[in-house]
Amino acid sequence: MPPSYSTDIVIFGGGAAGLWLLNRLSAAGYRTILLERGALGGGQSIHAQGIIHGGLKYALHGAFSGASRAIAEMPARWRECIAGSGEIDLSACKLSSPHFYLWSGEGLGGGMKAFLGSKAVAGGTEVAAEMEIPVFLRGRGVVYRLPDFVVDTHSLIRALAQGHAGRIFTLGSDGTENTLTFERTGGHRELQVQGAEGPLRIKARRYVFCAGEGNQALSAKAGLTTPRCQLRPLKMVSISRAALPEVFLHVLGAGLGATPRLTITSHRDTNNNPVWYLGGDLAETGVERTDARQIDVARAMLAELLPDAGLDELEWRCLDINRAEPESPGGRRPDNASLCTEQDVIVAWPVKLALAPVLADQVMHKLREDGIEPGNADGPGNADSGLLAGIFPGSPAFARPFWN
Ligand SMILES: Cc1cc2nc3c(=O)[nH]c(=O)nc-3n(C[C@H](O)[C@H](O)[C@H](O)COP(=O)(O)OP(=O)(O)OC[C@H]3O[C@@H](n4cnc5c(N)ncnc54)[C@H](O)[C@@H]3O)c2cc1C
């Protein structure tokens, strides 16, 4: 009989959702391990624009429902964590910008003002002072400062993984992932893994899938029938040059109900050169375009919207990437984090980076509802993580943004 390791929870996937959950569960006393098949953050999380939304984006979609009100609390909740006084310690996470801005272009001034003052929008949105606005936007209509802010996703993933070295393992490139199977007895599963030093059985009280796009394949592997994933493709664009001003801006489209026509965030590459990362409608409508065509469209859009930004001699790149979400009627974008539970497996989607804390709340609530309290796993557990070190080939690397 192969040796056996027991724990409370096994998380699959080391993106923002899995790592946030690892922090919450460990702090609550649950014995938890996290298995990652690639690099930490290497799915959607490292490629997110890093905006911690306060809900305005939902209001723009006309979908400011009860569930999506949860997002209005996110900036304050994240800020506490970054200040080191929140539910988890993110004091090592860097802020790229303490604010996010919204520019309604030159045609929507009056309507925009009324909308932002309406009850649909959570508080904290103000007209930005001129000195906060990039020079090339001054005098070109009103720019609003939102309660949203921007985190550097690379430092976020590092901060989330900090202090969990004995709990995070790579399924690695040596084929360990391929040897992993779920053996099922009634409603309970056991993981069988074939490592370099022989086989190991891992018994957990709950398995939580936070694998983003990988949730669908994992669900099939675990013999689940209900969870279904939808993928919403995006074609993001990055531009870099030795000098670019820092910009964190939604540019609205023709009407208030539209996705921002363009969303710009600013980052740094490994040579410390500035990078603009372009999303919004440009990325959603660009999925059928070739890279060259998408770059042409982005170039024309920037020339039209920001003619005075001095954007010449740029280095352009495209990234094709999917947003992974639970299946929703008509492929609609879900407005809150959600779980799907089948027997001892929880399949989890944050839907947004900003909603990782809500997802962790939902998992903790589900565990308590199912009577899974911390620390009741039988047999060798985290104290015996030597057993795991003999099976899994070390810790996963950290992912890097694609422009590096
Ligand atoms: C271009 C883009 C921009 C975005 N911008 C924002 C934004 O500004 N603000 C915001 O709030 N949200 C944003 N989002 C959404 C946000 O990035 C995601 O909702 C969030 O990062 C999802 O986190 P996750 O941990 O669930 O998934 P992921 O980050 O995708 O992580 C899943 C992890 O699971 C691993 N994995 C996969 N299969 C397996 C397996 N079988 N076993 C073990 N591990 C596995 C993967 O390698 C990966 O590391 C953006 C998304 C995209 C694509």
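Mentor: Two strands are said to pair if DSSP finds at least two bridges between them, and with that in hand we can look at this predicted model. Strand β1 covers residues 4–12 and is mostly covered, since seven of its nine residues are buried. β1 is joined to β2 by four bridges, and the two strands run parallel; within this pairing, Ile 11 stands opposite Leu 34 in β2. To get from β1 to β2 the chain passes through α1, and this β-α-β crossover is right-handed. β1 also pairs with strand β12, residues 198–209, again in the parallel sense, here over eight bridges, and in this pairing Ser 4 stands opposite Arg 201 in β12. As a general point, the strands of a sheet pair through backbone hydrogen bonds, either parallel or antiparallel.

Of the 38 residues around the ligand, Gly 13, Gly 15, Gly 43, Gly 212 and Gly 214 come nearest. The shell divides into 18 nonpolar, 16 polar and four charged residues, and at least three of its residues come from each of domain 1 (1–94 + 150–228 + 327–404) and domain 2 (100–147 + 231–325).

Conventions: Residues are numbered from 1 along each chain as its sequence is written. This is a predicted model: local features need pLDDT of at least 70, side-chain atom pairs count only at pLDDT 80 or more; totals for chains, interfaces and linings use all residues. A residue is near a molecule or strand if its C-beta atom, placed from the backbone, lies within 6 Å of it. Ala, Val, Leu, Ile, Met, Phe, Trp, Tyr, Cys and Pro count as nonpolar, Asp, Glu, Lys and Arg as charged, and the others, Gly among them, as polar. Domain bounds come from an automatic or database domain assignment. A residue is buried if 20 or more other C-beta atoms lie within 10 Å of its own, exposed if 12 or fewer, and partly exposed in between; C-beta atoms are placed from the backbone. A crossover is right-handed if, with the strands pointing away from the viewer, the path from the first strand over the helix to the second runs clockwise.
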